[in-house]
Amino acid sequence: MTSTDGTAPQQPAALPVVRRRQPALPAAVEAPLDVALGAAVVVARPVVGAADSVVRSLAPVAQSLWALALRPPLVPEQLTAGHALDRLGERGRAVRTAAGQDVVAISDDTLDLLVPEILVRVLDRIDLTSLVLQRVDLERIASELLDQLDLTTVVLEKVDLHAIVTKAIDELDLTEVVLQNVDLGSVVEAALDSMDLNEVVRTRVDVAGLAEEVIDEVDLPDIIRDSTSGVATVVVDGARISAVSADELVNRWIDRIMLRRKARRTDAPGEPESMLRGGDDG
Amino acid sequence: MADVTDLPEMPEGGEAPDQETSGRRVPKAHVPDPIPTAARGFQGLRAGVVTRTIAGAVDYAVITTVTVGTWVSYVVVLFLIKPIDFTLPTWPLWVFLVLGYSYMTLYLWTGWAWTGRTFGARLMGLRVVDHRGNRLHWTVALLRAAFCALVPLLLWWCAISRENRSIPDVLLRTSVIHDWPVRAAVPAVGEHLDA
């Protein structure tokens, strides 16, 4: 902490913890006052030294004379000055004790009035944040605090987690966050590796009901009929084309035997119905 | 007979425009064309002897089955009427021949006059048409049926004919052409669920 006596500029690295105030005395008064104080110190120092030497040398004699004066010989005790002084001391002690209790009570009241006022004024003159940052090991305090605190319990008891989560979800596009930040492929793969899908399906899926539903919706006999029809169609088409090839072979041989040079005229009048219509003739 | 590979191929899926191409009409747009690509080229051409023989054999098998079935039915009825005195009847051959000939004539007649096909012709993708390319008139169909049932071997004249015509074809100015029956589109598996 710095003070107002001008030492702050000598610590450029220090934070401006204490606010600066103007000097209490004007410069015209301060200079003569400093000179007077200096002269007093120069004069007073030898006087004080001499006095101290005299007192030290005369102190034992003075103590003996003072004790003799307080309790002179052959004088009754009740008439001595020492006795009177003791009586006075006792009375004074009683008064002091009583007054001390009053002073304590008065002091408490006074402090109750003064401390807040003083503290406010002190705090007004101090940048407490900078002071803490400069002087306090916050990291250590935080570490110690965290060690002593059960943060989970504190959060569960003091924080409205539902409101926070609701607010966060409302403001976040969770789908986008997950798509950008989560390796979904790895997640799914890990999940599948850790799961027994067969067991999951057996325990959670009504396989029999599902199969029954599929069978109900699929006209299985019709599908089998169509498949069979398709196979038969392929066989019949193949037989027809093979027969046509055999026709050409027979025709070629017969034409060769009959020494024909021109091709046969097989074009028939009209148009085949198979090339005119898209449907069966029944 | 023109080679199959010499004929123009039509695009798969029946997306061809509705117009005349090389004297033959192609399927209209958006109409599915179930005729295989390899078979499109000879649609409308007269069929050869092998195809027609197979179709005829199938028809003969049908009529033989029906004829024998008639005899079996007769035996069953006879057994039901007189189970105690039942003896297996025997028909002379001419009865089978007459019955078979009648069945065959009736079968060929109705088939050619009604749809232009018998079962064997349908199986082999054949159709009998007249000299204009239309279905046979009932009388023409009856004459042709009676003739073919009486002398079936005259069918094989088409192997020698330059136009793939049998004797009945020449006499009645008919033709047996490749005309594969077009099946209705089979719905996909997913359509069963949609339904």
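Tutor: Read along the sequence, chain A of this predicted model follows the pattern α-α-α-α-α-α-α-α-α-α-α. Chain A has 282 residues, of which 11% count as buried. When contacts in chain A between residues at least 6 apart in sequence are considered, 38% of them join residues at least 24 apart.

The part to examine is helix H2 of chain B, which spans residues 49-81. Two packed helices are described by the angle between their axes and the distance between the axes.

Consider the contact across chains. Helix H11 of chain A, residues 220-257, has an axis that comes within 6 Å of that of H2(B), and the two cross at roughly 130°. Because of this angle, H11(A) is oblique to H2(B). On the side of H11(A), the contact is made by Ala243(A), Val244(A), Ala246(A), Asp247(A) and Val250(A). H2(B) contributes Val49(B), Val50(B), Thr51(B) and Ile54(B). Sorted by class, this contact of H11(A) with H2(B) has 7 nonpolar, 1 polar and 1 charged residues.

Within chain B, H2(B) also meets helix H3, residues 93-114. Here the axes come within 9 Å and cross at roughly 130°. H2(B) and H3(B) are therefore oblique to each other, and their crossing is right-handed. From H2(B), the residues in contact are Asp59(B), Tyr60(B), Val62(B), Ile63(B), Val66(B), Thr67(B), Thr70(B) and Trp71(B). They meet Phe96(B), Leu99(B), Gly100(B), Tyr103(B), Met104(B), Tyr107(B) and Leu108(B) of H3(B). The classes in this contact of H2(B) with H3(B) are 11 nonpolar, 3 polar and 1 charged residues.

A disulfide is a covalent bond between the sulfur atoms of two cysteines. Cys158(B) has 0% relative accessibility and so counts as buried. Cys148(B), at 17%, also counts as buried, because the cut-off for that class is under 20% relative accessible area.

Methods:
Residues are numbered from 1 along each chain as its sequence is written. Chains are lettered from A and ligands numbered from 1 in the order in which they are written. This is a predicted model: local features need pLDDT of at least 70, side-chain atom pairs count only at pLDDT 80 or more; totals for chains, interfaces and linings use all residues. Side-chain values use heavy atoms; hydrogens and water are left out. Axes are lines fitted to C-alpha atoms, for helices over the stretch in contact, and angles run from 0 to 180 degrees between N-to-C directions. Helices (H or I, at least four residues) and strands (E, at least two) are DSSP runs, numbered from the N terminus. Angles under 35 degrees count as roughly parallel, over 145 as roughly antiparallel, 65 to 115 as roughly perpendicular and the rest as oblique. A crossing is left-handed if the near helix is turned anticlockwise from the far one by less than a right angle, and right-handed if clockwise. Contact means heavy atoms within 4.5 Å. Ala, Val, Leu, Ile, Met, Phe, Trp, Tyr, Cys and Pro count as nonpolar, Asp, Glu, Lys and Arg as charged, and the others, Gly among them, as polar. Buried means under 20% relative accessible area, exposed over 50%, partly exposed in between (1.4 Å probe, protein chains only).
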